[in-house]
Amino acid sequence: VVMIPGLSLIGAGADSCVIDLQQLTFYATAVEMKDSCLLKGFKIQFAQYLPGVRGLGIHMSDSSKGSVILNNNILYSNEGIWLTEGVVKFNFILDSEFAVSGASFDESHQYAAHIDSNYISFGFRGLHSAWRTIIYATGNIFKITSPFETSGRILYNDALSNTSTPVFSNNNVSKSTS
C-alpha cells in the first residue's frame, strides 16, 4: 500500500482488515506513508517462520512529518515501523526483530517520534533512535523475546544520533524466559 500525503486509511479493526504478506518469499514493505497520513485499524501480517525475508510493516519516507499510526497490529516483521516524525499509539507490534526505528537523513531539521501506549515484543531492538529523530517513549510495554542474554536491547541509541537523545518514561519491560 502506497499512501499519498494527507491520506487516511481507516480499517474496521485488525480482525477484519488484514494486509496479508504471509506468502511472500522476498523482503517487502507493507505500507509506505507520506506527510500527514493516518493508518488506523489494520493487521499487517508476515510469515512467522521466515526471518530475514518477512519485511517492513510501515515505512515513512525520509522527512515525512505529522503522520499517525493508531490501533494496528504488526505481526512477525523484520522491522515493525520506520518513521521520521509522527505518533505511534495503541499498536501491537508482535515478534519483530527490530520494532520501531526513528531516523531521518534530512540534515536541516530535528524530528520527533512519539511512541505511546503500545505493546511491543521483539528479539533484538525495541526502539532505535538514529539520525536526527528524537524518540519519546511513554507508557509502552516491551517484551524481549530473544533467547540470548546479549540480545534484546529495549533502547538502542545510534552513534550518529548524538543530538537526538531519546526520552524514555513510564514503560514496562519483561524478558521471556524460554
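**Note on salt bridges and aromatic pairs in a predicted model**

1. The side chains of Glu97 and Arg54 come together in a salt bridge, with 3.1 Å from N to O. The structure discussed here is a predicted model. Glu97 belongs to strand E11 (residues 92–102), whereas Arg54 sits in the loop between strand E5 (43–46) and strand E6 (56–60), so this contact ties together parts that are 43 residues apart in sequence.

2. How many salt bridges does the model contain? The count comes to two. The other one joins the side chains of Asp116 and Lys89, at 3.3 Å from N to O. Asp116 is part of strand E12 (residues 111–116) and Lys89 is part of strand E10 (residues 86–89), so the pair connects parts that are 27 residues apart in sequence.

3. Asp116 has 23% relative accessibility and so counts as partly exposed. Lys89 counts as partly exposed because its relative accessibility is 25%.

4. Phe92 lies in strand E11 and Tyr119 in strand E13 (residues 119–129), and the pair links distant parts of the chain, 27 residues apart. With a relative accessibility of 40%, Phe92 counts as partly exposed. Tyr119 likewise counts as partly exposed, at 26%.

5. Why is the pair of Phe98 and Phe124 tilted? The ring centres of Phe98 and Phe124 are 6.1 Å apart and the planes stand at 35°, so the pair is tilted. Planes under 30 degrees apart would count as stacked, and those over 60 as edge-to-face. Phe98 is found in strand E11 and Phe124 in strand E13, so the pair ties together parts that are 26 residues apart in sequence. Phe98 counts as partly exposed at 28% relative accessibility, and Phe124 counts as partly exposed at 34%.

6. A residue in a loop may be considered next. Asp15 is located in the loop between strand E1 (8–10) and strand E2 (18–21). Asp15 is exposed, with a relative accessible area of 78%. Asp15 and Phe42 are 27 residues apart in sequence, and their C-alpha atoms are 7.8 Å apart in space.

7. Some totals place these details in context. The protein chain has 18 strands and zero helices. Among contacts with a separation of 6 or more, 64% are accounted for by residues 24 or more positions apart. The pairs described above include examples of such sequence separation: Glu97 and Arg54 are 43 residues apart, and Phe98 and Phe124 are 26 residues apart.

8. What share of the residues counts as buried? Of the 178 residues of the protein chain, 53% do. The accessible surface of the chain is about 8200 Å², and 56% of this area belongs to carbon and sulfur atoms.

Definitions and conventions. Residues numbered from 1 in each chain as written. Predicted model: local features only at pLDDT ≥ 70, side-chain atom pairs only at ≥ 80, totals over all residues. Heavy atoms only, no water. Salt bridge = Lys/Arg side-chain N within 4 Å of Asp/Glu carboxyl O. Helix = DSSP H or I, 4+ residues; strand = E, 2+ residues; numbered from the N terminus. Buried < 20%, exposed > 50% of the residue type's maximum accessible area, 1.4 Å probe, protein only. Phe/Tyr/Trp six-rings, centres within 6.5 Å; stacked < 30°, edge-to-face > 60°. Contact = heavy atoms within 4.5 Å. Areas by Shrake-Rupley, 256 points an atom, 1.4 Å probe, with all protein chains shown as cover.
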